[in-house]
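Subject: Structure handover

Hello,

Here is the structure you were waiting for. Please open it alongside this note; my findings follow below.

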Amino acid sequence: MAFSEYSEFDGLGLAELVRKGEVTPAELVEAAIERVERHNGTLNAVVYKGYEDARRAAAGTLPDGPFRGVPFLVKDLYCPVAGWPMSNGSRWFASAPASAEDDELVRRYRASGMVLLGKSNTPEFGITGTTEGAALGPCRNPWNPEHISGGSSGGAASAVAAGIVPMAHASDGLGSIRIPAACCGLVGLKPTRDRNPIRRTSQGGIAFEVNHIVSRTVRDCAAMLDWTGRPMKNVWFTAPPKERPYLEEIARKGPRLRIAFHGEPPSQVALHPDVAKTLDDTVRVLKELGHEVFERPLEVDWRKLYRAQGVWSAGNFVGMMASHVEALGREPGEDEIEKLTRWIWENGKHVTAAMHVQAEHTLKEMIVGILEQFEQFDVFLCPTTITPPPKVGYIDPCRLEPKELNRRQATTFGFTPPFNFTGQPAISLPLGWSADGLPIGMMFAARYADEATLLRIAAELEEARPWRDRRPPVWG
């Protein structure tokens with residue numbers, strides 16, 4: 001039978017229906033497939049359809065985890081799913097064989113009872129804050145398909161916001177969970193570095209990238225991190241343990257917090273008026289809830305920080321491309337990677353070993369300086385983005401020259417990267433709307449390994465300023 005109410009439930013809600021016998025996993029899969037087929041022509045959120053695999057899994061014996069029977073999408077970026085292609089958003093990978101085995105994170109998703117439905121759109125190598133690429137095409141925002149869904153987890157956010165799936169895998173190297181969550185009106189938590197499994201052990205302990213999900217509710221965010229956020233076996237790095245399950249945390253009334261806030265981005269451009277208004281409204285609500293809120297910027301030499309990060313990341317990118325060349329057996333042809341990718345690759349070749357090491361030392365020193373500031377407050381609040389989501393094409397990696405593209409990114413995004421450098425948890429919450437009906441996210445960052453505080457305040461704001469029942473025009 002058709003399950004017309006499917007999109008009204010979050011992941012835990014759907015799993016509860018399965019446990020009660022009110023709906024079957026197979027019915028959930030068909031409901032999700034119906035919505036992909038209805039909306040994907042508009043959104044281009046799902047780029048690989050694993051329908052038959054999903055139907056077989058739903059008809060079989062699923063693990064009795066917290067999300068048993070719930071359809072789920074995996075981002076098509078460095079997250080292997082056995083038997084499925086992995087494009088990494090690049091034409092260069094079109095000839096790559098299907099993945100041989102599941103990533104460790106994918107194994108944990110399956111063990112939670114999730115049914116993998118397909119893969120979500122991402123830009124080439126996850127580089128940009130918008131999901132627009134030559135290989136997979138632009139992904140669009142359910143709130144207004146003329147606008148971006150954010151990046152690089154734009155396909156995940158678009159699908160969740162449209163009610164295709166209640167949550168989806170996302171990853172974040174400079175903002176790629178939080179930016180699309182803000183663009184699409186979702187909850188997007190970047191967890192502490194090494195809280196969730198990483199794709200290669202060589203990345204643990206220092207890299208900027210982390211994995212989690214985007215979701216419509218705080219409780220789905222908390223429950224999934226409870227399930228996946230445990231140490232990998234036989235690795236030397238791991239995040240400090242949590243005090244109690246995150247689902248228990250969001251049910252507790254925590255202490256009133258000291259919250260610092262600031263609205264000026266590192267690029268020192270003016271906030272869009274609708275974003276500034278949302279920040280003001282958020283500060284007012286937090287004060288009404290009893291928190292101590294005061295204005296205080298992070299004291300950082302942004303030019304020095306981003307210069308060091310740029311050198312460090314460029315060196316890493318050259319190493320990554322060398323690994324790809326070895327794995328694929330050839331360098332990319334002229335039209336097989338985008339101009340931005342080639343520009344970063346060519347510039348990175350000028351980074352010497354000494355430059356890379358010095359940049360890492362500078363980053364580490366400055367990271368300590370940022371972490372020390374959190375001794376003076378519990379949480380730092382700022383906007384997730386400088387503007388509401390711009391139109392598709394404004395930040396187009398296929399059309400724009402790299403310097404102009406980077407300028408546009410710096411004046412649209414810009415708030416999220418520092419907490420990738422420090423490894424601290426940070427969450428974007430949909431706490432405002434632009435005059436023309438586009439979501440606006442506010443970002444909260446906490447001390448290292450303190451996801452609990454972020455999830456408690458997220459749950460408090462979700463109750464005080466609920467967003468779950470707001471529906472985009474492209475929905476369900």
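One term first: a helix crossing is right-handed if the near helix is turned clockwise from the far one by less than a right angle, and left-handed if anticlockwise. Keep in mind that this is a predicted model.

**Helices H4 and H7**

H4 passes H7 in a right-handed crossing. H4 covers residues 104-111, and its axis lies 10 Å from that of H7. The two pack at an angle of about 115°. On the H4 side, the residues in the contact are Leu105, Arg108, Tyr109 and Ala111. They meet Met224, Trp227 and Thr228 of H7.

Next, look at the loop between strand E8 (210-215) and helix H7 (218-228), where Thr217 sits. Is Thr217 buried or exposed? Thr217 counts as buried because its relative accessibility is 3%, and the cut-off for buried is under 20%. A polar atom of the Thr217 side chain lies 3.3 Å from the backbone nitrogen of Asp220. Leaving aside residues up to four places away in sequence, Thr217 touches Asp10, Val187, Glu462 and Arg468.

Val187 leads on to strand E7, residues 187-190. Both faces of E7 are covered. Val187 and Leu189 are buried on one side, Gly188 and Lys190 on the other. Which strands does E7 pair with? One is E8: the two are antiparallel and share 2 bridges. Here Val187 has Ser215 of E8 as its bridge partner. Another is E12, also antiparallel, joined to E7 by 3 bridges. In that pairing, Gly188 stands opposite Ser428.

**Trp433 in E12**

E12 spans residues 426-433 and includes Trp433.

Strands E9 (258-261) and E10 (292-295) run parallel, with 4 bridges between them. Ala260 faces Phe294 of E10 there.

**Helix H5**

After H5 comes Gly163, which has a positive phi, near 80°.

**His324 in H10**

The last stop is His324, in helix H10 (residues 302-328). His324 counts as buried because its relative accessibility is 9%. What does the His324 side chain make a polar contact with? The partner is the side chain of Tyr78, at 2.6 Å. Beyond residues up to four places away in sequence, His324 touches Tyr78, Trp92, Phe93 and Phe125.

Best wishes

Conventions. Residues are numbered from 1 along each chain as its sequence is written. This is a predicted model: local features need pLDDT of at least 70, side-chain atom pairs count only at pLDDT 80 or more; totals for chains, interfaces and linings use all residues. Side-chain values use heavy atoms; hydrogens and water are left out. Two strands pair if DSSP finds at least two bridges between them. Buried means under 20% relative accessible area, exposed over 50%, partly exposed in between (1.4 Å probe, protein chains only). A polar contact is a pair of N or O atoms within 3.5 Å; within protein, one must be able to donate a hydrogen and the other to accept it, and residues adjacent in sequence count only if both atoms are side-chain atoms. Contact means heavy atoms within 4.5 Å. Axes are lines fitted to C-alpha atoms, for helices over the stretch in contact, and angles run from 0 to 180 degrees between N-to-C directions.
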